[in-house]
Amino acid sequence: MVTKIRKPSHAGSWYTDNQFQNNISLFLWFFFSAKKLSEELEGWLNSSGLTKASDVRGVIAPHAGYSYSGRAAAYAFGNIDPSNIKRVFLLGPSHHYYTPKCALSTATVYKTPIGDLPIDLEVNEQLKATGKFETMDIQVDEAEHSMEMHLPYLAKVFEGHPVKIVPILVGAVSAESEAMYGETLSQFVDDPTNFFSISSDFCHWGSRFNYMYHDKKHGPIYKSIEALDKMGMDIIETGDPDSFKKYLSEYDNTICGRHPISVFLHMLKNSSTKIKIKFLRYEQSSQCHNTRDSSVSYASAAAKVDDSNSS
């Protein structure tokens, strides 16, 4: 099969890549930028203080530029024990391309500055054969940042461990479609060699996002945002997709990965392995004090096998 590469199109703008490009040869530029990115990720992972755990089967992590959300994301990716994982399903929202479905990549390899991640073509074909997924062309794939921002972290965590990925772009899917995709993908949850990386930022607050909810009982705007986000995080932790849908309907919180999260909740609901989500980190890009301010929230969670009900 012909190799079809998805380039790291957001490298150098959303995360470290090209600061040396104008001064030295391409080879040295790539070497030094990759080294700097690797050191940044390693620093954040180490500072999280997390221990890798084999019973962590998935994460929810942000996808903003690393200068904003890189540290918060480490609290998700720092949980991953790569030793027994063979495949990562990567679910991210679509910011630019409209589709009412989920879309699979047409690439065979996703490149990152610190290592390539091959697509699991066999699973891709298996999903395609269901007739429920569309495919996205390489231009759509490279324009989207929600999955790309997880790739360097995955490449770093899985250094020295062979792993394949299954990228799934989650479009503006209906509640019924969320349930259908969750049920379709749930077959992969019970296999402990499969892992799930769910991409989402949380509240986008401010006039530029057309969202300015403020419950004054919580005090300043940034505290109201935090209370709103934490309400959503608590509901996600219950694992109930219907409650999450009700919360979104009531408050319309601008969680851009609402559809990937909902699909993931339906996956867990339909699997026989009991997995519990727990949020470990919450940050805001800045503190909003008045209506001229704006911010984006970042939350990181680990989805862990729940043995509490076992005898």
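I took helices (H or I, at least four residues) and strands (E, at least two) as DSSP runs, numbered from the N terminus. The model is predicted, so I kept local features at pLDDT of at least 70 and side-chain atom pairs at pLDDT 80 or more, while totals for chains, interfaces and linings use all residues. Residues are numbered from 1 along each chain as its sequence is written, and side-chain values use heavy atoms, with hydrogens and water left out.

Entry 1, the loop residues. I found Asp252 in the loop between helix 8 and helix 9 (258-269). Its phi is near 55°, a positive value in a residue other than glycine. I noted that most residues other than glycine have a negative phi. For accessibility I used buried for under 20% relative accessible area, exposed for over 50% and partly exposed for in between (1.4 Å probe, protein chains only). Asp252 counts as partly exposed because its relative accessibility is 44%. I then looked up Asn210, which sits in the loop between strand 10 (204-205) and helix 7. Phi of Asn210 is also positive, near 55°. Asn210 has 72% relative accessibility and therefore counts as exposed.

I fitted axes as lines to C-alpha atoms, for helices over the stretch in contact, with angles from 0 to 180 degrees between N-to-C directions. The axes of helix 7 (residues 221-238) and helix 8 (residues 241-251) come within 9 Å and cross at roughly 160°. The pair is therefore roughly antiparallel (angles over 145 degrees). Contact means heavy atoms within 4.5 Å. On the helix 7 side I listed Leu228, Asp229, Met231, Gly232, Ile235 and Ile236, which meet Ser243, Phe244, Tyr247 and Tyr251 in helix 8.

From helix 8, Pro241, Asp242, Phe244, Lys245 and Leu248 make the contact, and from helix 9, Arg258, Ile261, Ser262, Leu265, His266 and Lys269.

Which residues of helix 6 (residues 175-185) are buried? I found Ser177, Glu178, Tyr181, Gly182, Thr184 and Leu185. They lie on the same side of helix 6 because they cover an arc of only 160° around the axis, taken from the directions from the helix axis to the C-beta atoms. The face turned away from the buried side carries the exposed residues Glu176 and Glu183.

Conventions
Parallel < 35°, antiparallel > 145°, perpendicular 65-115°, else oblique.
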